[in-house]
Amino acid sequence: MVFVWFILAAIVTVISAIKLSTYADTIGEKSSLGGMVVGTIFLAGATSLPEVTTSVSAIVLDNPDIAVGNVFGSNMFNLLIIACFDLYFRKQQIFRHAHHSHFYTASLGLLLAIVALLALTIRIDITFLGIGVDMWILLTVYGAGVWYISILSKKQTSKPSEPAEEVEESKHDFSAISLKTAIIGFIIAAIVIMGAGTLLTVSGDKIAVVTGLGSSFVGSFLIAATTSLPEAVSVLVALQLRNYNLAIGSILGSNLFNILILGASDIFYQKGSIIASISSVHQITAAGVGILCVVVLYSLVRKPIESTFRYALPSIVLIALYFVSSYLIFVQ
């Protein structure tokens with residue numbers, strides 16, 4: 001029955017994510033926010049709700065390895081998602097349509113992965129106000145990075161716009177859905193996703209015991225992949241609507257939001273610093289996130305390429321690196 005509950009929770013998560021993405025796109029169309037802002041903030045935060053409930057529930061179950069593995073594993077899987085869709089939609093070359101702000105977001109994601117890897121290596125088991133010192137450093141870097149990105153974004157928008165190729169945005173008719181209905185539907189779908197995320201944690205914790213795979217692998221691979229299903233569905237819907245900034249912003253924004261989840265997990269963990277208390281196998285996951293971020297950064301900054309195969313090469317490399325990292329986590 002534990003597998004039945006796990007699959008049921010995953011199905012509910014996917015259905016809710018479809019609604020979530022549709023409402024988010026409607027909000028972007030009918031408000032002054034736009035696809036990039038809605039994707040990076042609202043949709044990214046909402047699709048990360050399963051990670052919130054999963055990690056906090058794991059702490060309640062006294063299983064910090066699932067809590068941390070879920071965060072780092074989700075970040076890895078999120079980058080796999082964008083690489084897979086980039087490969088599938090290679091003719092559209094989605095990274096070529098990316099806004100400049102996405103480069104800053106991806107750079108901050110890389111910096112946070114490096115800081116997390118250092119924290120997992122040094123392991124400072126000192127807490128302040130119930131939160132580990134290493135987590136305070138991680139959250140400070142996050143806050144400073146987001147503040148700096150906001151300044152850079154304002155400078156970009158204040159500059160005269162350069163002539164650029166028009167990106168074909170959504171041609172769908174959203175007239176049937178009012179802005180008020182979209183906001184209410186967005187909130188309801190987000191609440192449903194939170195409930196499904198809790199069920200995923202409880203059933204995933206039992207799967208780790210029944211199968212003997214271990215909490216680190218189950219958290220970093222099985223639960224992380226499942227809690228990232230909302231991101232996968234949201235990105236697919238956004239790409240089908242040709243809203244490329246919403247798709248990319250959702251993934252990169254979710255990866256940043258997940259760091260806050262890590263901080264929240266440390267608050268609930270009362271046995272010391274959560275990073276100092278978990279398995280060393282998470283170093284592989286953190287390193288994997290950093291390496292995959294480098295590949296994404298390259299995809300964002302490189303010059304336009306006419307060859308479809310040459311364009312898709314970084315995404316192929318990213319997918320290969322993901323499975324190599326997952327294998328290394330499994331054999332530990």
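Modeller: Let's start with confidence: this is a predicted model, and the protein averages a pLDDT of 76, with 79% of the residues scoring at least 70.

Biologist: Good to know. How many helices and strands are there in the protein?

Modeller: You will find 12 helices and 2 strands. Following the sequence, the pattern reads α-α-α-α-α-β-β-α-α-α-α-α-α-α.

Biologist: And how much of the protein counts as buried?

Modeller: Of its 332 residues, 54% count as buried. Contacts give another view of the fold: among those with a separation of 6 or more, 86% are between residues 24 or more positions apart.

Biologist: Now to helix pairs. At what angle do α3 and α4 pack?

Modeller: The idea is to compare the directions of the two helices. Helix α3 (residues 49–60) and helix α4 (residues 64–88) pack at about 160°, and their axes lie 6 Å apart. An angle over 145 degrees counts as roughly antiparallel, so α3 and α4 are roughly antiparallel to each other. Their crossing is left-handed.

Biologist: Which residues meet there?

Modeller: From α3 come E51, T54, S55, A58 and I59, and they meet P64, I66, A67, N70, V71 and S74 of α4. By class, this contact of α3 with α4 has 6 nonpolar, 4 polar and 1 charged residues.

Biologist: Let me try another pair. How do α5 and α10 pack?

Modeller: Helix α5 (residues 101–122) and helix α10 (residues 244–268) pack at an angle of about 30°, with axes 10 Å apart. Angles under 35 degrees count as roughly parallel, which makes α5 roughly parallel to α10. The crossing of α5 and α10 is left-handed. On the α5 side, the contact is made by H102, T105, A106, L108, G109 and L112. On the α10 side are N245, I248, G249, L252, G253, L256 and I259. The contact of α5 with α10 divides into 7 nonpolar, 6 polar and no charged residues.

Note on methods. Residues numbered from 1 in each chain as written. Predicted model: local features only at pLDDT ≥ 70, side-chain atom pairs only at ≥ 80, totals over all residues. Heavy atoms only, no water. Axes fitted to C-alpha atoms, helices over the stretch in contact; angles between N-to-C directions. Helix = DSSP H or I, 4+ residues; strand = E, 2+ residues; numbered from the N terminus. Parallel < 35°, antiparallel > 145°, perpendicular 65-115°, else oblique. Left-handed = near helix turned anticlockwise from the far one by under 90°. Contact = heavy atoms within 4.5 Å. Nonpolar A, V, L, I, M, F, W, Y, C, P; charged D, E, K, R; others polar. pLDDT = per-residue confidence, 0-100. Buried < 20%, exposed > 50% of the residue type's maximum accessible area, 1.4 Å probe, protein only.
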